[in-house]
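Visitor: I've never looked at this one before. Could you walk me through it?

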Amino acid sequence: MITDLLEASPYSVASADKKRLLLRGLQELTVYHQQNCLAYHQLFNEPVEPFTDISAVPFLTVPLFKQRPLKSIPVEQVFKVLTSSGTTGTVPSRIYLDADTAKLQSRVLVKIMQEWLGKQRLPMLIWDSPSVIKSRDSFTARGAGIQGLSFLGRHHTYALNDDMSLNIEAINTFFERFGSGPVFMFGFTFMVWKFGVQALKEQGLKFDFQNAVLIHSGGWKKLEDEAVTAETFNSKTEDQLGHVRVHNFYGMVEQVGSIFVACEEGHLHCPSYADVLVREPGNWQVVPEGNVGVLQVLSLLPKSYPGHSLLTEDRGRILGEDNCNCGRKGKYFEVLGRMEKVEARGCSDTFERTGAGQ
Amino acid sequence: MSEEKIKQAFVKALAIPEEQVKDSLEYNSIKEWDSTAHMILIAELEDVFEVMLDTDDIIDMSSYAKAKEILRKYDIDC
Ligand SMILES: [Zn+2]
């Protein structure tokens, strides 16, 4: 019997076991954050009844992490602060990590990625410029993402120059050396598309990688504006780069390590220690499987800050649980773009007024 | 001997004095051994001992003592 979701292989736990263990973990985290984060306690000061359903776990909205420092550790234990400017670009979210939470995040990230890449560290081509990780102390979300995933690679090679032009010499050298064997490529969706695939096409450059896996993330917003679907993205990538298996993942800086990777069917899969719910804007009730609403993400990782249950600003719907054609267990879902501005504002307002998500 | 080579790899990759390299030295416990330095250290150990460490090894290598334990798995006598 599985007793610890964090030790379980990421896509192996069926719903009955998962629900029991997830509820227990989320319960402990909720109580822990009430006791250790004053701002969280001010929002949720009711004593926690034992949860009988995931939907009962109170949630925070993402803008709260921009508005106030939310952390459940004393200042001297802060090991790293992650920041993201988000879409509005004014005030960044600030996520406070202690050494243990940071360690757990990278451990779990590696466990998930092993499912898609294997345990070997493959030669890694990064579709970004090296300047993105220049500062070692303060990481942007982009830098942190690259840093976290670089654990999985070797011979790290940046495909872009600092001005975002293709570093053709670097790509060439990488291809000559490793192109006939398995390689790992990583980048942010928009960067891969705009400065990678499209730039290659414009310059009439093709590489015939024999066995590549491309992992990308960061959202489709900008690509949707250009009417680029996942199918287009994948096939154009193969046109320019050869045999590439493409996996998108969904995740947020407020829950680093807790990522939802798209399988061969294009479905985003919850790993064993994370879950998603869909809520209807306005009344914020959970909607049935298949209905579109706003995504809420839950994760057992956030211990140093109260981010274990978050209402995102993304729309989506659940497609099923434990029965995807790919054989992986867990809920699977799709993301359908950002929430409308009005809905998003309504949500923060509701939250600020009632001080709770339930 | 191999232990000395491991120690020197730590000194070089983390840019710290030799006295600091002891069994109790832990990943993320000093600013010199952060995730960036960790990757440099892994590459250095791979170079020195001609081994290929996998992703489990990287995650498990949480201290100097643990590094020796992992390298022993690859038949390095230390
Ligand atoms: Zn699937």
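Visitor: Let's start where the chains meet. How many residues does chain A bring to the contact with chain B?
Guide: Keep in mind that this is a predicted model. Chain B puts 20 residues into the contact, and the number from chain A is 19.

Visitor: And how much area do chain B and chain A bury between them?
Guide: The size of an interface is often given as the accessible area lost when the parts come together. Here 51% of that area is on carbon and sulfur atoms. On chain B's side, B:Met39, B:Thr55 and B:Ile59 supply 33% of what chain B buries, more than any other three residues. The total for chain B and chain A is about 1800 Å².

Visitor: On to the metal. What arrangement do the 4 donor atoms make around the zinc ion?
Guide: The zinc ion is held by A:Cys263 (SG), A:His269 (NE2), A:Cys324 (SG) and A:Cys326 (SG), at 2.1 to 2.3 Å. Four donors count as tetrahedral if all angles lie between 85 and 135 degrees. The angles here run from 101 to 115 degrees, so the arrangement is tetrahedral.

Visitor: Is A:Cys263 buried or exposed?
Guide: A:Cys263 sits in the loop between strand E10 (260-262) and strand E11 (268-269) of chain A. Buried means under 20% relative accessible area. A:Cys263 has 3%, so A:Cys263 counts as buried.

Visitor: How many residues apart in sequence are the parts that A:Arg328 and A:Glu264 tie together?
Guide: Their side chains meet in a salt bridge at 3.0 Å, N to O. A:Arg328 lies in the loop between E14 and E15 of chain A, and A:Glu264 in the loop between E10 and E11, so the parts they tie together are apart in sequence by 64 residues.

Visitor: Last one: B:Asp57 and B:Lys73 form a salt bridge, so which of the two counts as buried?
Guide: The two side chains come to 2.6 Å, N to O. B:Asp57 lies in helix H3 of chain B and B:Lys73 in helix H4 (residues 64-73). B:Lys73, at 55% relative accessibility, counts as exposed. At 0%, the buried one is B:Asp57.

Key:
Residues are numbered from 1 along each chain as its sequence is written. Chains are lettered from A and ligands numbered from 1 in the order in which they are written. This is a predicted model: local features need pLDDT of at least 70, side-chain atom pairs count only at pLDDT 80 or more; totals for chains, interfaces and linings use all residues. Side-chain values use heavy atoms; hydrogens and water are left out. Donors are N, O and S atoms within 2.8 Å of the metal (3.2 Å for Na, K and Ca); water is not among the atoms, so sites may look incomplete. Four donors count as tetrahedral if all angles lie between 85 and 135 degrees; four count as square planar and six as octahedral if opposite donors are over 155 degrees apart and all others between 65 and 115; anything else is irregular. Helices (H or I, at least four residues) and strands (E, at least two) are DSSP runs, numbered from the N terminus. Buried means under 20% relative accessible area, exposed over 50%, partly exposed in between (1.4 Å probe, protein chains only). Contact means heavy atoms within 4.5 Å. Buried area is the accessible area (1.4 Å probe) that two parts lose on being put together, summed over both. A salt bridge is a side-chain nitrogen of Lys or Arg within 4 Å of a carboxyl oxygen of Asp or Glu.
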